[in-house]
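Good morning, everyone, and thank you for making time.

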Amino acid sequence: MADTMREVTLDDLDALEVGAAILGTGGGGNPYIGKLRVREELRKGRKIPVIPLDELPDNALVVSLGGIGAPVVGVEKIEEGEECLRALRAVEQEVGRKVDALISAEIGGANAMEPMLTAAQAGLPIVDGDGMGRAFPEMQMITWSIYGQRSAPAAMADEKGNVVVFRETQSDKWLEDLARATVVAMGAAAGLAQAPMRGEFVKRAAIPNTVTQARNLGRAVLDANREHRDPVQAVIDHEGGRLLMTAKISDLQRHLKGGFAVGHLSLDGYGNFQGDTGRINLQNEFLIFVRNDTVEVCVPDLIVVLDADTGHPITTEMLRYGQRIAVLGLPCHGLLRTPEALAVVGPAAFGYPDVTFVPMQSRGGIR
Amino acid sequence: MIRIGVDVGGTNTDAVVMDGDKILAGVKSPTTEDVMGGVADSITKVLDQSGVPAGRVSAVMIGTTHFVNAVVERQHMVRTAAVRLCLPAAQCLPPMVDWPDDMREAVGGQYWMAKGGHEFDGREISPLDMTELDDIAAEIGAAGINTIAISSIFSPVSDTMERRAMERLKERLPDANFTLSSEIGRLGILERENAAIMNASLRALSRKTVEAFTTALQLVGLTCPYYITQNDGTLMNRDFVQAYPVLTFASGPTNSMRGASFLSGESDAIVVDIGGTTTDVGALVKGFPRQASTTVDVGGVRTNFRMPDVYSIALGGGTIVAAGGDAITVGPRSVGYRILQEALVFGGKTLTATDVVAGLGLADVGDAALVGVVDDDRLQKAKEKIDEMVSNAVERMRVSPDPIPILAVGGGSILMPDIMSGLKVIRPNHYSVANAVGAAIGQISGEVDRIFSLASISREAALAEARKEATGKAIAAGANPDSIELLDQEDVPLAYLPGDATRIRLKVVGSLNG
């Protein structure tokens, strides 16, 4: 494919920022800072090669990387710059081998950029894919974990030079809990590198081509803006998604539960959706979309909230009463729809045992 | 209490005289190259018209786009040293990293990063290093810079490091003036630091401007205090505006919205301000402009201070209407301030939006007969196009199906129909000088934006503490303590943080003392 990425260049960054934020489904942190950081690395003359997933050698050693912490801290305490690199080095030391390539833990939000930075610094390529195809709040919700890869040994590093290695964890949920406690001590922002995976496994378990997807998606929105076409439609066309509702936020409730922002927003439809009411439930990310009391789209399918006019994504922290938004449903990748995946990332895993996941494509087009 | 409100716009300088809630006089005069001359002229004119002697005026409130224009035009900004307390964090993105080159050059682009900064919970990232600060002071001094902006990580949570660093630098650089990021912006180090650096670079201009306003007022015999209006429709005294010129950046649209609210008596409404070239549409909530929630771009630089949520379209009284063939296009070009020479109704040769409404007999302006050269069908189509443009903008800002009114203000508001999108259009008295009225009725505010841990205190106690702090700020800025009320509060839980960390933003307002 002519538009498959072989390298991340300066021209890709604005599009990557928009595309990664859309795939963040309201969470994942704002990729703006990440974009600036990648730009600085590229301006130093460093390169970020991209390997298509199907070209990854079976015996290659691949490490999944990302930032961990609170998104709001990420825009205030910007990283020193080599946190993920130090975490990577610690994992390499632990297993006694150098790794061959890096991959993003989650393409949605700021973590789309994190492996690019480390790749530039370490002189490694990144793999065109990721472990979520979107954003999820916890580490066991990653396809590596779902499809059988243990993530220990893993390592975390902060900006001060502290490095913590998790040599053994009893489950990936344990790693999530231990890492969550560690990141708080580190000041709510750190880099995390997971256990090396074999190329053969990554080819099976990664959501494929998501770096290219994020870049092309962002480009579609920016092109639409520039050419005065409807950017919301551009997202739908690019992702094979559906416009669920154009609406104004008529109520917004968020509170803290177990360290996450949970709540819901109520929607009043306008335009073609005049007379409809809607509701979106969220836990950092948007989880469930309800129209007139019927669940219409839920995790792991993507619920995306865009500014109705610019098509630019609105994260859960940017929501406010009265905003005019377009709510979109985008189908998730098949790897997130298997029974073993739905057990970890389906509605029940987020506390909705009564909601049955029905892939949004099988509900057909409503409008 | 007699007040004068002045609005210095790009095209016109407007002035009103008010006695309490009553408007005694209002004038509109062209903005002059020498801004202060224009201010003095319009005040003289409006005082003459009102018959009020200068000695009876208690206060003058001025709204000005002077400082934001300086940034947009990269003029009058002085070389500024940016000092960020952050190491080892944040070194991958130095100060001004996301600025356009010409803007960075306008302030000299020199920065230093030093040890310091706080964690979200108040712990130190690293302690301040006084020797390091002394070295930085020596380098700033050697570079001949005497304007300094200091930022520190999580300074909205704790400003102690910024203050201590300032004291230390002052010992070596006694003549320097300082801007601290914690005094200006909200969380988001880059945006807050950007605002602080811009502010520092404008302080020399600010000092000059404040002196010039003082001279202009003395010239017309006014010895009363004067105030400058800020982004949220509240007032700053002259010392405050000297210190924080960036806070005036969005005062123009704010003043017209507040003025519209006052003139019509409506506190929840859509405001449509139509000038010669552009139309600004905003929303009033409880008498104040609704704020934009995201970052705001000023001259190509991202900032995060509060600005009104305004949607602007290229439509004004002077907008050129092209009726070639079947297609009718309205704008985006405008004859602007040349409308008195170029519009058909004034004997000119260009069909403008003003001619359209005059030709259809919808407004009494100039000589409508001169529009007779254009057939009514075309005028009607152009009018429909104009209504559609404004209506789309109104729909964009409307947040509920409630039948709130539309307030039409500004010289170009004759373009508005009586009903739009099913909403009643109100054109209040003195609508053409609504922005000067908005300046005249400015209030005093105090604001807090901090992270509280609800593990140790209740949400109610945290809100009360925030309110007390905001009230203290308002009183310090000159508000009458008895008049202070809560304007806006918002609490946002912070994902991933333990101890129920919650960010509280809260603002109070009160009337001006005396």
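Predicted model: local features only at pLDDT ≥ 70, side-chain atom pairs only at ≥ 80, totals over all residues.

In which helix of chain A do A:R204 and A:E200 both lie, and how many residues apart are they? Both lie in helix α8 (residues 199-205) of chain A, 4 residues apart, which is about one turn of the helix; helices here are DSSP runs of H or I with at least four residues, and strands are runs of E with at least two, numbered from the N terminus.

Residues are numbered from 1 along each chain as its sequence is written, chains are lettered from A and ligands numbered from 1 in the order in which they are written, and side-chain values use heavy atoms, leaving out hydrogens and water.

The side chains of A:R204 and A:E200 form a salt bridge at 3.1 Å, N to O, the term meaning a side-chain nitrogen of Lys or Arg within 4 Å of a carboxyl oxygen of Asp or Glu. A:R204 is exposed at 52% relative accessible area, whereas A:E200 is partly exposed at 30% (buried is under 20%, exposed over 50%, partly exposed in between, with a 1.4 Å probe and protein chains only).

Turning to another pair, A:R167 and A:E94 form a salt bridge whose closest N and O atoms are 2.6 Å apart. A:R167 lies in the loop between β6 (163-166) and α7 (172-185) and A:E94 in helix α4 (residues 83-95), so this pair ties together parts of chain A that are 73 residues apart in sequence.
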